[in-house]
Amino acid sequence: MDKGIFITFEGADGAGKTSVLQALLPRLEQFGKEILTTREPGGVAIAESIRSVILDPKNTAMDDKTELLLYIAARRQHLKERITPALESGKLLLVDRFIDSSVAYQGFGRGLNVEDINWLNRFATDGLVPDLTLYFDIEVEEGLARIAKNRHHDVDRLDMETVDLHQRVRNGYLSILEQESDRVVKIDASQSLDVVTDAAFAVIVERFFE
């Protein structure tokens, strides 16, 4: 059986990573691998329930470490139910957020210890690391403006965060990119959806299908 391929999509709010992931699906079908898409936090029933707790705007009293541990718990369940089985069955797995989000948001954004987060990530995932991470980079103000323009949901707890936090999150992603340039590839997300999708597709083809 062919080995599964594990690609994660990362980026600050408003970068458009979820839209790019969906736009890539018909293009990737030509390579003949079964494709599975999923997201974090969520993807399976228990993790989706945890997601609801994290995002509930009533939970403003949530401690930063509590938030981190909820994300880690959701990640573990998601790994056991969806990620590991998909890779073991040889699928092309596309995941909207994974371990880097915790480093960027709870580490750089919230100011929690990054070494602790890295340990928790390894603990939750049994050391699993994506084969490729596409990081969609955009200026914070532009990303937040996109969210405001295209909002199709009620305001959640994370929508109430400051611009300063979002800037720290971006800095976190850029730090990860610098440290793990073999795994993480930066995509300029300020361009049109078609252009960004083309760029992401080119990276995937070069890495796995040439």
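Guide: Helix α7 gives the largest share of the lining of the second largest cavity, with three residues. Please keep in mind that this is a predicted model.

Visitor: Which residues line the second largest cavity?

Guide: The lining of the second largest cavity is made up of E10, D100, T133, Y135, Y173, I176, L177 and V184. Both β4 and α7 supply at least two residues of this lining.

Visitor: What is its make-up by class, and what volume does the second largest cavity have?

Guide: Five of the lining residues of the second largest cavity are nonpolar, one is polar and two are charged. The volume of the second largest cavity is about 30 Å³.

Visitor: How many cavities of 30 Å³ or more are there?

Guide: The count comes to two cavities of 30 Å³ or more. The largest cavity holds about 50 Å³ of space.

Visitor: What lines the largest cavity?

Guide: The largest cavity is lined by A12, D13, I138, E139, V140, G143, L144 and H166. Helix α6, residues 140-150, contributes the largest share of that lining, three residues. By class, the lining of the largest cavity has four nonpolar, two polar and two charged residues.

Visitor: Turning to pockets, what is the volume of the second largest pocket?

Guide: The second largest pocket has a volume of about 320 Å³. Its lining consists of 17 residues, and I99, V103, N118, E180 and R183 lie nearest the centre of the pocket.

Visitor: Which helix supplies the largest share of that pocket's lining?

Guide: That is α5, with five residues. At least two lining residues of the second largest pocket come from each of α4 (99-109), α5 (114-125) and α7 (163-179).

Visitor: And how does the lining of the second largest pocket divide by class?

Guide: Seven residues in the lining of the second largest pocket are nonpolar, six are polar and four are charged.

Visitor: Now the helix. What span should α8 have, and how far apart are its end C-alpha atoms?

Guide: Helix α8 covers residues 193-209, so at 1.5 Å a residue its 17 residues should span 24 Å. The end C-alpha atoms of α8 are 22 Å apart, which agrees.

Visitor: Which residues of α8 are buried?

Guide: The buried residues of α8 are V196, T197, A200, F201, V203, I204 and V205.

Visitor: What covers the buried residues of α8?

Guide: The cover over the buried residues of α8 includes strands β1 (5-11), β4 (132-137) and β5 (184-188), together with helix α1 (17-28).

Definitions and conventions:
Residues are numbered from 1 along each chain as its sequence is written. This is a predicted model: local features need pLDDT of at least 70, side-chain atom pairs count only at pLDDT 80 or more; totals for chains, interfaces and linings use all residues. Side-chain values use heavy atoms; hydrogens and water are left out. On a 1 Å grid over the protein atoms alone, a cavity is a set of points where a 1.4 Å probe fits but cannot get out, and a pocket is an open set with protein on both sides within 12 Å along at least five of seven lines; lining residues have an atom within 4 Å of a point. Grid points are joined across faces, edges and corners, and a volume is the space filled by probe spheres set on the points. Helices (H or I, at least four residues) and strands (E, at least two) are DSSP runs, numbered from the N terminus. Ala, Val, Leu, Ile, Met, Phe, Trp, Tyr, Cys and Pro count as nonpolar, Asp, Glu, Lys and Arg as charged, and the others, Gly among them, as polar. The expected span of a helix is 1.5 Å times one less than its number of residues. Buried means under 20% relative accessible area, exposed over 50%, partly exposed in between (1.4 Å probe, protein chains only). Contact means heavy atoms within 4.5 Å.
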